[in-house]
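Dear colleague,

Please find below the structure that I am handing over to you. My notes on it follow directly after.

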Amino acid sequence: MSETMIDRGDAFIASLDLRVSEILDRCTRCARCVEVCPTAGPAGIDTREPETIVGDVLDILRGGGDAASRGARWAQSCTGSGRCLSACDDGVNPRFMLAATRLKLNQRRAEKERHATGQAGFQTMSEAVKVLSRVQLPAELLARITRSARADSEAAPDVVMYLGCNVLKTPHIALLCLEVLNRIGARYKVFGGPANCCGVIQYRAGDAKASGRIGGNTVAGFAGTGASRVLTWCPTCNIQLSEIVMPSTEAAFALQHVIPYIAARIELLRPYFIHPVHKRVALHEHPGVAGVTEGVTQILAAIPGVELVDLGQPRVGYMCNSLAPVPAYKRELHARELDAAAAAGVDCLVGIYHACHRELCAHEATSPFKIVNFLELVGEAMGVESKDFFKQWKMMQDVDRVLAEVTEQAATAGLDLDTVREVLVAHMLGEQPLPVGPRKTSAPAPAAPPHGFFPE
């Protein structure tokens, strides 16, 4: 391990400690963050006397506190919706405050256990990304979304396009995103895959030093390009980098989600919308990253023929997988949205993020509408198709049928079929919060948050 890597880990921990001290100095326990939280109730937390809940959190940040307290449970049930960000008048980021609280709770386990948990989680994610991306794309096409061919080696790119890791499980989304950047003339360098991790898995495991080292190395890689702006795709990466990693670095670039970036340049993209898309669509939304829903709405509104329908559903979390701490509530939200989309007579339920697509797309098999990513509509308007093999296979709900279809490509990619089967079971067919098929809508049930991390 190099000295630079060690220093990045130590600098990260020092930064976290300083920021926690600032929270302890600034927080007045006004508890507005508790009052606006959309998931405390579904998590079964009694929010009467919210000042006490905040006090529990502050006690944990000081190094004490009760891991079974309401404050601890509130921190563990956070879904990252971000409503608390504008509620605080004390200069505190409550979403980071709860992330720091979860870290403190996880650090009560032995260091060796935390490190092993982080390593295991990273290895599981890496294996799934490798398998699911390689069975869907030939090597030369996959290289387009893990290595840049757009940036001039002699000059700094305009932007870094940071795809993160898990979008590569649904690579058609990443390919369409890059195609849009091509159309608006962006000079970009791509960073993607587990080699460019944000460190969130290690952070969730309580291994702060490894998290800071990994995230810091990725930030340094961005800075090394000379780009003045980094665009993210994954909301997990966006929040992890902007609110947790980058404050410990001296990064000289701006971090922004790619969707508001594209929306701000919609007039450059509009001439490429040469095919009307006569579809009535509803948007599957999450509020966690500012400007994303608004950006998608602006982009879809520019496509001739698209009619956008508001289903009036709750907007919670930053991506479907961020609702993992409240699984019963997530199932209820999915069921209600699918039923509302059917009742509204839409042609498509349109998602934004990759994890949402993975969790929802199989319901197309039993729904009177298609379930697509919004970039598929953008591609349709431009006359560009990127085939969604993930949905095609997941709708089969049969691992043997899927394996039969991917065997040839898996062999070409040098993948072991037993490993492919394990990944298909766990990360494709197994990732189904709401079972596919007939359902009975019921009131959301409280759910205790699980320990550990969840995939992006």
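Helix H10 has 17 residues, which at 1.5 Å a residue should span 24 Å, and its end C-alpha atoms do lie 24 Å apart, in agreement. The expected span here is 1.5 Å times one less than the number of residues in the helix. Helices (H or I, at least four residues) and strands (E, at least two) are DSSP runs, numbered from the N terminus.

Please note that this is a predicted model, in which local features need pLDDT of at least 70 and side-chain atom pairs count only at pLDDT 80 or more, while totals for chains, interfaces and linings use all residues. Residues are numbered from 1 along each chain as its sequence is written, and side-chain values use heavy atoms, with hydrogens and water left out.

The buried residues of H10 include Ala208, Arg213, Thr218, Val219 and Phe222. Here buried means under 20% relative accessible area, exposed means over 50%, and partly exposed lies in between (1.4 Å probe, protein chains only). Just after H10, glycine 226 has a positive phi of about 85°.

**Aromatic pairs and charges over rings**

The whole structure contains 6 aromatic pairs. In the pair of tyrosine 162 and phenylalanine 222, the ring centres are 4.9 Å apart and the planes meet at 65°, so the arrangement is edge-to-face. Rings of Phe, Tyr and Trp (its six-membered ring) pair if their centres lie within 6.5 Å; planes under 30 degrees apart count as stacked, over 60 as edge-to-face and the rest as tilted. Because tyrosine 162 belongs to strand S1 (residues 159-164) and phenylalanine 222 to helix H10 (residues 208-224), this pair ties together parts that are 60 residues apart in sequence. Tyrosine 162 and phenylalanine 222 are both buried.

Phenylalanine 222 also pairs with phenylalanine 191: the ring centres are 5.1 Å apart and the planes are at 85°, so this pair too is edge-to-face. Phenylalanine 191 is in strand S2 (residues 188-192), so its pairing with phenylalanine 222 of H10 ties together parts 31 residues apart in sequence. Through ring pairs, Tyr162, Phe191, Phe222 and Phe253 are linked into a cluster.

Two charged side chains sit over rings. Arginine 265 lies over the face of tyrosine 261, 3.6 Å from the ring centre, and the charged end of lysine 387 sits over the ring of phenylalanine 389, 5.7 Å from its centre. The criterion is that NZ of Lys or CZ of Arg is within 6 Å of the ring centre and within 35 degrees of the ring normal.

**Nonpolar cores**

The largest nonpolar core has 113 residues, and those with the most contacts inside it are Trp74, Met97, Met161, Leu181, Trp233 and Phe374. A nonpolar core is a set of buried Ala, Val, Leu, Ile, Met, Phe, Trp, Tyr and Cys residues joined through side-chain atoms within 4.5 Å. Helix H8 (residues 171-183) supplies the largest share of this core, 8 residues. Leaving out residues up to four places away in sequence, phenylalanine 374 touches Trp233, Ile259, Val296, Ile299, Leu300, Val350, Gly351 and Ile352; contact means heavy atoms within 4.5 Å.

A second, separate core of 19 residues includes Phe390, Leu403, Ala410 and Met428. Leucine 403 is located in helix H19 and is buried, at 11% relative accessibility. Apart from neighbours within four places in sequence, leucine 403 is in contact with Leu417, Val420, Arg421 and Leu424. Leucine 403 and valine 420 are 17 residues apart in sequence, and their C-alpha atoms are 7.8 Å apart.

**Positive phi values**

Most residues other than glycine have a negative phi. Alanine 31, with phi near 70°, has a positive value; alanine 31 is in the loop between helix H1 (3-26) and helix H2 (32-36), and is buried at a relative accessible area of 2%. Glutamine 397 also has a positive phi, near 55°. Glutamine 397 is in the loop between helix H18 (389-394) and helix H19 (399-412), and counts as partly exposed at 38% relative accessibility.

**The chain as a whole**

The chain has 20 helices and 8 strands. Its C-alpha atoms fill a box of roughly 60 × 55 × 50 Å, taken along the principal axes. Of its 456 residues, 56% count as buried.
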